Structure formats: C-alpha cells, structure tokens
Amino acid sequence: MSYTVAIVGRPNVGKSTFFNRLLEERKAIVDDVSGVTRDRQYGVTEWNGRSFNVIDTGGFVHGSEDVFEIEICKQVKTAIDEADVIIFMTDAATGITDLDDSLANILRRATKPVLVAVNKVDNNNRYLEATEFYILGFEQVFFISSMSGSGTGELLDAVTALM
Ligand code: GDP
Ligand code: MG
C-alpha cells in the first residue's frame with residue numbers, strides 16, 4: 001500500500017522548499033519521473049514511523065497569464081486524482097490572491113482531505129495576518145515556515161493522522 005500526499009498551490013508560495021525539507025530531513029529519495037513535461041517531483045519520506053509518497057507540483061509553468069492559470073488548475077486536478085491527501089500551500093506574505101481563490105474552488109469540491117498550509121509564517125506578526133486564510137473555508141489550517149521548519153511537524157502529524 002502506498003499513501004500519497006500532493007503539495008499544490010500557485011507558484012512561489014514555497015512548495016518546493018517544503019518538499020526539499022521533507023526529503024532532506026527524512027533522508028528520502030527523489031525519483032525522476034520520465035515524461036515529456038516533467039511538471040512534478042516525486043519523493044518518499046516518513047513521519048511518525050509511517051512512510052508515504054510526496055508529490056511536488058508546478059515545477060514548470062510558463063505562458064501567458066491565462067495559460068498559466070489553466071495549467072495550474074490542471075495540475076491541481078491531476079494531484080486530486082493521484083493523491084490520498086492534498087496540502088494546499090499558500091503564502092502569508094502575499095495573503096489570499098485570485099489564483100488562491102480559484103484553486104480553493106477546485107479543492108473544495110475534491111472528495112479527498114485538504115490541509116491548508118499557510119507558509120512563510122516566519123514571525124508572530126505574520127501569524128496574526130495569516131489567520132485570514134480561514135476564510136477559504138477549509139477545516140484544517142496550519143501556519144508554517146518551510147524555511148525554518150516551524151509548524152511543519154504539526155502539519156505532518158495531521159497528514160499521518162489521516163493515513
Ligand atoms: P514554489 O514555486 O511554490 O515551489 O516555491 P519555492 O519553494 O520555489 O519558494 C519560492 C520562494 O519563497 C523562494 O525564494 C523561497 O526561498 C521562499 N520561501 C519558501 N519558504 C519560505 C518561508 O517559510 N519563509 C520565507 N520568508 N520565504 C520562503
Ligand atoms: Mg516549485
């Protein structure tokens with residue numbers, strides 16, 4: 001049995017930073033998946049003694065703004081199909097953007113659990129601002145700093161609790 005966690009979100013919110021941190025700390029392997037467009041990275045990691053697959057999405061997004069939004073929404077839909085649980089990453093430094101709203105609309109309809117990770121909560125001021133993300137309507141919201149690692153343990157506890 002392999003349990004899969006997908007990290008989705010718009011560009012620059014810190015998905016890859018989180019993914020790399022996960023793999024580094026747990027000494028996991030990153031597999032290269034062959035394909036014409038390699039828009040995702042796959043890894044295996046463990047937490048609380050449980051092993052699971054992690055997918056980092058959105059590696060290569062380019063084109064005009066419309067193409068770009070369509071591409072990200074497509075990646076989110078693929079992630080919903082592939083994953084058992086979705087980490088929807090957002091950015092406390094920018095707050096909620098239109099693209100976050102679009103992704104939230106897709107994710108709200110998913111039949112898979114969605115955990116919101118508000119990233120870049122590097123200090124207490126950011127934490128207060130970051131509570132605005134509850135408005136997206138997801139039950140589980142985590143405030144993390146992928147850079148320092150703060151809050152990431154609680155997020156991973158929630159992931160393994162769903163396994
Ligand atoms: P992705 O496009 O979602 O994969 O985002 P990246 O992981 O490439 O990160 C985008 C930028 O945000 C980079 O400059 C990171 O160093 C920065 N970043 C990632 N996590 C954090 C964080 O927790 N705090 C701060 N301040 N910056 C971060
Ligand atoms: Mg990335």
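User: In which sense do strands β1 and β5 pair?
Analyst: Quick housekeeping: this is a predicted model, where local features need pLDDT of at least 70, side-chain atom pairs count only at pLDDT 80 or more, and totals for chains, interfaces and linings use all residues. Residues are numbered from 1 along each chain as its sequence is written, while chains are lettered from A and ligands numbered from 1 in the order in which they are written. Helices (H or I, at least four residues) and strands (E, at least two) are DSSP runs numbered from the N terminus, and two strands pair if DSSP finds at least two bridges between them. Over 4 bridges, β1 and β5 (residues 85-91) run in the sense called parallel.

User: What is the bridge partner of Val-5 in β4?
Analyst: Strand β1 is also joined to β4 (residues 50-57), in parallel, by 4 bridges. Val-5 has a bridge partner in β5 as well, Val-85. On the β4 side, its partner is Val-54.

User: How many of the residues of β1 are buried?
Analyst: Burial here is a neighbour count: 20 or more other C-beta atoms within 10 Å of a residue's own make it buried, 12 or fewer exposed, and anything in between partly exposed, with C-beta atoms placed from the backbone. Strand β1 (residues 4-8) is largely enclosed by the rest of the structure, because its count of buried residues is 4 of the 5.

User: And how many residues of β5 are buried?
Analyst: Strand β5 also pairs with β6 (residues 114-119), through 6 bridges in parallel. The rest of the structure largely encloses β5, because its buried residues number 6 of the 7.

User: Which residue of β6 is the bridge partner of Phe-88?
Analyst: Follow the bridges across the strands. Val-8 has Phe-88 as its partner in β5. Stepping on into β6, Phe-88 is bridged to Val-116.

User: Within what arc do the buried residues of α5 fall?
Analyst: Helix α5 (residues 152-161) has Thr-152, Leu-155, Leu-156 and Val-159 buried. They line one face of the helix because, seen down its axis, they fall within a limited arc, taken over the directions from the helix axis to the C-beta atoms. The face turned away from that buried side carries exposed Glu-154, Asp-157 and Ala-161.

User: Which helix gives the most residues to the shell around ligand 1?
Analyst: A residue is near a molecule if its C-beta atom, placed from the backbone, lies within 6 Å of it. By that rule 14 residues surround ligand 1, and the closest are Gly-14, Lys-15, Ser-16, Thr-17 and Met-147. The top contributor, with 3 residues spanning part of 15-25, is helix α1.

User: How many polar residues does that shell around ligand 1 have?
Analyst: For the classes, Ala, Val, Leu, Ile, Met, Phe, Trp, Tyr, Cys and Pro count as nonpolar, Asp, Glu, Lys and Arg as charged, and the others, Gly among them, as polar. The shell has 3 nonpolar and 3 charged residues, and its polar count is 8.

User: Is Lys-120 buried or exposed?
Analyst: Lys-120 has a phi near 70°, a positive value in a residue other than glycine, and lies in the loop between β6 and α4 (124-130). Asn-48 also has a positive phi, about 55°, in the loop between β3 (40-47) and β4, and Asn-48 is exposed, with 11 other C-beta atoms within 10 Å. Lys-120 has 22 C-beta neighbours inside 10 Å, so it counts as buried.

User: What distance separates the C-alpha atoms of Phe-68 and Leu-103?
Analyst: Phe-68 sits in helix α2 (residues 65-82). With 15 other C-beta atoms within 10 Å, Phe-68 is partly exposed. Phe-68 and Leu-103 are 35 residues apart along the chain, and their C-alpha atoms are separated by 13 Å.

User: Over which residues does pLDDT stay under 50?
Analyst: pLDDT is the predictor's confidence in each residue, from 0 to 100. The protein chain has a mean of 88, and 87% of its residues reach 70 or more. Two residues are in contact if their C-beta atoms, placed from the backbone, lie within 7 Å. The stretch under 50, for which the model has 15 contacts beyond four places in sequence, is residues 27-37.
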